[in-house]
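Here is a short briefing to read alongside the model. It covers the ligand site and then the salt bridges.

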Amino acid sequence: MGLLEGKNILIMGVRNKWSIAWGIAQAVKAQGGNPIFTYLGEREKEALIKLTADMGEVAAYACDVTRDEDIDKLFSEIKERFGVLHGLVHAIAFAKSEDLQDTFVNTSRDGFTLAMDVSVYSLLAVSRRAQELMTKGGSILTLTYGGSVRVSPGYNIMGVAKAALEASVRYMAYELGPKNIRVNAISAGPIKTMSAKGVKNFSDILEVVEQKAPLKRNITLEDLGGTAVYLLSELSSGVTSEIVYVDSGYHNMGV
Ligand code: NAP
C-alpha cells in the first residue's frame, strides 16, 4: 500500500518536465495517489497530455487562477467526477519579467497587483473551493522561497509575494484546522524551471547554494516530491501552518 493510496490530489502548476509540480505529481502517483491536473490553455493542455502519457488516464482541467469562473468550473467538475478531494498542491506564481529585471522600488502598480493576485490570492481562491470537497479532512500545500524572509537580490516583488503567501498559510491553517484540513508550504531551494529563468543571476544563486549549503548540492525534484508526499499523507497528521525548508539546509547558514 502506498502512502497516498486512494487519495485524490489536485496538482496545479505543471508546465513541463522541470516543473516542481511535476516532481510532486510523480511522487504522488508512485505512492498510489490519484493526481488531478490543471493547465492554463490549449497549448499547455497538449504538453500536459504528452507528459502524463505514462500515467494512464488522468483528469486534467483548464484553469487560469486570475479568473473566478475558471476556478468555479474546475471545482464543480472535480466534485461531479470525484466527489471528495484529499489534497491540493498549489505550485503557481507569476511576476512580470520587467519587475524581476529592474530594482524592486521601481515595481509598477499593476505588476505588484498581478504578482500578488496570481502568486498569493490564488491560494485563497482555490482553497476556499477545495475545503468544500475535503469532507474527510485534507492537506493543502503551496511552494515558497527563502527570498520571503531574507533579501535575495533580483527576487524583488516575488519576495514580497512569498512573504504574504507564508502569512496566508498561517491564517488559513488556523481557520481550516477545525475541519482537519492542514495547510503548509515547502520553501524550496533554487531549482532550474521556466519560472526561475525569469530571476536575474539565477545560475549564481545555484552556485552559492552548492558551495555553502550543508549538503553541498542543490535540491532535486525527487527531494521536493518526497517532502510533498510526507505533507500530503497521514505521516504529517499533526503538522500544519509550517514552512518546511527543502533547500539542502542553506537557510540556516550565517555566511
Ligand atoms: P514553473 O514550472 O514555471 O511553474 C509555474 C506554474 O505557474 C506554471 O505551470 C504556470 O503555468 C503557472 N501559472 C502562472 N500563471 C498562472 C495563472 N494565471 N493561472 C494558472 N497557472 C499559472 O516553475 P516552478 O519553479 O515549478 O514554480 C512552481 C512554484 O514553486 C512557484 O510558486 C514558484 O514560485 C515556487 N518556487 C520555485 C523555486 C525555483 O527555484 N524554481 C524555488 C522556490 C519556490 P504556465 O507555464 O502554463 O503559464
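How many nonpolar, polar and charged residues does the shell around the ligand have? The shell has 17 nonpolar, 7 polar and 4 charged residues, where Ala, Val, Leu, Ile, Met, Phe, Trp, Tyr, Cys and Pro count as nonpolar, Asp, Glu, Lys and Arg as charged, and the others, Gly among them, as polar.

This is a predicted model, in which local features need pLDDT of at least 70 and side-chain atom pairs count only at pLDDT 80 or more, while totals for chains, interfaces and linings use all residues. Residues are numbered from 1 along each chain as its sequence is written, and side-chain values use heavy atoms, with hydrogens and water left out.

**Ligand site**
- Among the 28 residues around the ligand, Arg 15, Ser 19, Lys 162, Thr 193 and Ser 195 come nearest (a residue counts if one of its heavy atoms lies within 4 Å).
- A polar side-chain atom of Arg 15 is 2.8 Å from a ligand oxygen atom.
- The backbone takes part too: an N or O atom of Val 65 lies 3.0 Å from a nitrogen atom of the ligand, and one of Ile 92 lies 3.4 Å from an oxygen atom of the ligand.
- The protein buries 91% of the 890 Å² that the ligand exposes when taken alone (Shrake-Rupley method, 1.4 Å probe).

**Salt bridges**
- The count comes to 9 salt bridges, each a side-chain nitrogen of Lys or Arg within 4 Å of a carboxyl oxygen of Asp or Glu.
- Arg 43 pairs with Glu 44, with the closest N and O atoms 3.4 Å apart.
- Arg 129 and Asp 68 also form a salt bridge, at 3.7 Å from N to O.

How values were computed: A polar contact is a pair of N or O atoms within 3.5 Å; within protein, one must be able to donate a hydrogen and the other to accept it, and residues adjacent in sequence count only if both atoms are side-chain atoms.
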